[in-house]
Amino acid sequence: MKELNKDEFKKSVLESQGIVLVDFSATWCGPCKMQAPVLEDLAKEVDYPIYSLDIDQEPEIAGKYNVNAVPSLMVFKDGSLKATMVGFQAKEVIEEKVSNIK
């Protein structure tokens with residue numbers, strides 16, 4: 001799972017076509033550490049990219065999307081935010097949320 005910086009976020013998420021999942025997280029966050037292996041496992045099975053963004057490294061992006069709890073998973077389609085999931089999410093919950101957007 002690739003970690004994005006501000007410039008990569010613009011190119012890889014906002015300017016991309018199709019579905020993109022972004023995990024807004026922090027190194028100090030326990031639930032984020034639990035979420036990461038779920039997302040890494042999911043990334044092997046899906047046809048859309050999954051990225052990570054550290055809210056402490058990129059506070060402007062976190063602020064723009066009103067991230068006030070981590071982990072926050074956001075689903076973008078064609079550069080637009082379509083869904084948000086806050087807190088640890090099971091793989092099945094993420095898959096269902098994304099499949100409702102496609």
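Figure 1. Asp-41 is partly exposed at 32% relative accessibility (buried means under 20% relative accessible area, exposed over 50% and partly exposed in between, with a 1.4 Å probe and protein chains only). The model is predicted: local features need pLDDT of at least 70, side-chain atom pairs count only at pLDDT 80 or more, and totals for chains, interfaces and linings use all residues. Residues are numbered from 1 along each chain as its sequence is written, and side-chain values use heavy atoms, with hydrogens and water left out. The side chain of Asp-41 meets that of Lys-91 in a salt bridge, 3.1 Å from N to O; the term covers a side-chain nitrogen of Lys or Arg within 4 Å of a carboxyl oxygen of Asp or Glu. Lys-91 lies in helix 4 (residues 91-99) and Asp-41 in helix 2, so the pair ties together parts that are 50 residues apart in sequence. Helices (H or I, at least four residues) and strands (E, at least two) are DSSP runs, numbered from the N terminus. Lys-91 itself is buried, with a relative accessible area of 18%.

Figure 2. The structure holds 4 salt bridges. Side chains of opposite charge can pair when their charged atoms come close. Glu-8 pairs with Lys-2, and the closest N and O atoms are 3.0 Å apart. Glu-8 is partly exposed at 24% relative accessibility, and Lys-2 is partly exposed at 42%. Glu-15 forms a salt bridge with Lys-10, at 3.4 Å from N to O. Glu-15 has a relative accessible area of 48% and is partly exposed; Lys-10, with 48%, is partly exposed.

**Figure 3. The aromatic pair Phe-24 and Tyr-65.** The count of aromatic pairs comes to 5. Rings of Phe, Tyr and Trp (its six-membered ring) pair if their centres lie within 6.5 Å; planes under 30 degrees apart count as stacked, over 60 as edge-to-face and the rest as tilted. The rings of Phe-24 and Tyr-65 are tilted, with 6.3 Å from centre to centre and 50 degrees between the planes. Phe-24 belongs to strand 2 and Tyr-65 to the loop between helix 3 and strand 4, so the pair ties together parts that are 41 residues apart in sequence. Phe-24 is buried, with a relative accessible area of 0%, and Tyr-65 is buried at 15%. Ring pairs link Phe-9, Phe-24, Tyr-65 and Phe-76 into a cluster.

**Figure 4. The largest nonpolar core.** This core has 19 residues; Phe-9, Val-13, Val-22, Phe-24, Tyr-65, Val-67 and Phe-76 have the most contacts inside it. A nonpolar core is a set of buried Ala, Val, Leu, Ile, Met, Phe, Trp, Tyr and Cys residues joined through side-chain atoms within 4.5 Å. At least two residues of the core come from each of helix 1 (6-14), strand 2, strand 3, helix 3 and strand 4. Strand 2 gives the most, with 3 residues. In soluble globular proteins, nonpolar side chains tend to be buried together.

**Figure 5. The largest pocket.** The space in the largest pocket is about 190 Å³. A pocket is found on a 1 Å grid over the protein atoms alone, as an open set of points where a 1.4 Å probe fits, with protein on both sides within 12 Å along at least five of seven lines; lining residues have an atom within 4 Å of a point. Its volume is the space filled by probe spheres set on the points, which are joined across faces, edges and corners. The lining has 14 residues, and Asp-23, Ser-25, Cys-32, Ala-36 and Ser-52 lie nearest the centre. Strand 2 (19-25), helix 2 (30-43) and strand 3 (50-54) are the elements that give two or more residues to the lining. Helix 2 gives the most, with 4 residues. By class, the lining holds 6 nonpolar, 3 polar and 5 charged residues (Ala, Val, Leu, Ile, Met, Phe, Trp, Tyr, Cys and Pro count as nonpolar, Asp, Glu, Lys and Arg as charged, and the others, Gly among them, as polar).

Figure 6. Pro-71 is in the loop between helix 3 (59-64) and strand 4 (72-77), and a cis peptide bond joins it to Val-70, with omega about 0 degrees. Asn-66 is in the loop between helix 3 and strand 4. Asn-66 is not a glycine, yet its phi is positive at about 55 degrees; this residue is exposed, with a relative accessible area of 61%. Asp-78, in the loop between strand 4 and strand 5 (80-86), is not a glycine but has a positive phi of about 50 degrees. Asp-78 is partly exposed, at 40% relative accessibility.
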